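Dear colleague,

Here is the structure I said I would pass on. Please look through it first; my notes follow below.

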Amino acid sequence: MAKLMCLCFIILAIAVAVSADECEGDRQDMIKECSQYTKWPAEPKLDPSKACCAVWQKANIPCLCAGLTKEKEKIWCMEKVDYVANFCKKPFPRGYKCGSYTFPPLA
């Protein structure tokens with residue numbers, strides 16, 4: 001029984017590590033390809049590149065949002081993030097919470 005518990009713990013630890021690595025990879029790709037479209041100031045909103053949209057389409061958004069702090073929100077303009085999400089055809093659901101920001105309902 002102890003061996004089974006140990007095996008379960010090891011599998012869980014690997015899954016968490018892989019998930020964290022995936023999220024960090026998405027974060028770095030997002031910074032590289034999309035930062036110019038998502039940083040303050042809120043205007044102007046520019047159409048993101050194909051490379052940015054490709055990153056956005058594959059990114060683990062819930063993981064990225066879970067790591068969004070108030071400090072990071074001072075860098076990333078969430079209105080622009082919403083614009084990129086919509087432009088890249090992977091919009092946030094109504095009322096979705098990302099960090100402390102809640103995306104407004106679609107008009």
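The chain has 5 helices and 2 strands, in the order α-α-α-α-α-β-β along the sequence. Helices (H or I, at least four residues) and strands (E, at least two) are DSSP runs, numbered from the N terminus.

This is a predicted model, in which local features need pLDDT of at least 70 and side-chain atom pairs count only at pLDDT 80 or more, while totals for chains, interfaces and linings use all residues. Residues are numbered from 1 along each chain as its sequence is written, and side-chain values use heavy atoms, with hydrogens and water left out.

Of the 107 residues, 30% count as buried, where buried means under 20% relative accessible area (1.4 Å probe, protein chains only). Taking contact as heavy atoms within 4.5 Å, 73% of the contacts between residues at least 6 apart in sequence join residues at least 24 apart.

Disulfides

The structure holds 4 disulfides, a disulfide being a pair of cysteine sulfur atoms within 2.5 Å. With the bonded cysteines numbered in sequence order, the pairing reads 1-5, 2-3, 4-7, 6-8.

- Cys23 is joined to Cys63, S to S 2.2 Å. Cys23 lies in helix 1 (residues 2-38) and Cys63 in helix 3 (residues 61-66), so this link ties together parts 40 residues apart in sequence. Cys23 is buried at 5% relative accessibility, and Cys63 is buried at 18%. The link of Cys23 and Cys63 is left-handed, with -125° about the S-S bond.
- Cys53 is joined to Cys88, S to S 2.0 Å. The link of Cys53 and Cys88 is left-handed, with -75° about the S-S bond. Cys53 is in helix 2 and Cys88 in the loop between helix 5 and strand 1 (97-98), 35 residues apart. Both Cys53 and Cys88 are buried.
- Cys65 and Cys98 have their sulfur atoms 2.0 Å apart. Cys65 lies in helix 3 and Cys98 in strand 1, so the pair ties together parts 33 residues apart in sequence. Both Cys65 and Cys98 are buried.

Helix 2 and helix 5

Which residues of helix 2 meet helix 5? Cys52, Cys53 and Trp56 do, against Val81, Val84, Ala85 and Phe87 in helix 5. By class, this contact has 7 nonpolar, no polar and no charged residues; Ala, Val, Leu, Ile, Met, Phe, Trp, Tyr, Cys and Pro count as nonpolar, Asp, Glu, Lys and Arg as charged, and the others, Gly among them, as polar.

Regards

Methods: Buried < 20%, exposed > 50% of the residue type's maximum accessible area, 1.4 Å probe, protein only.
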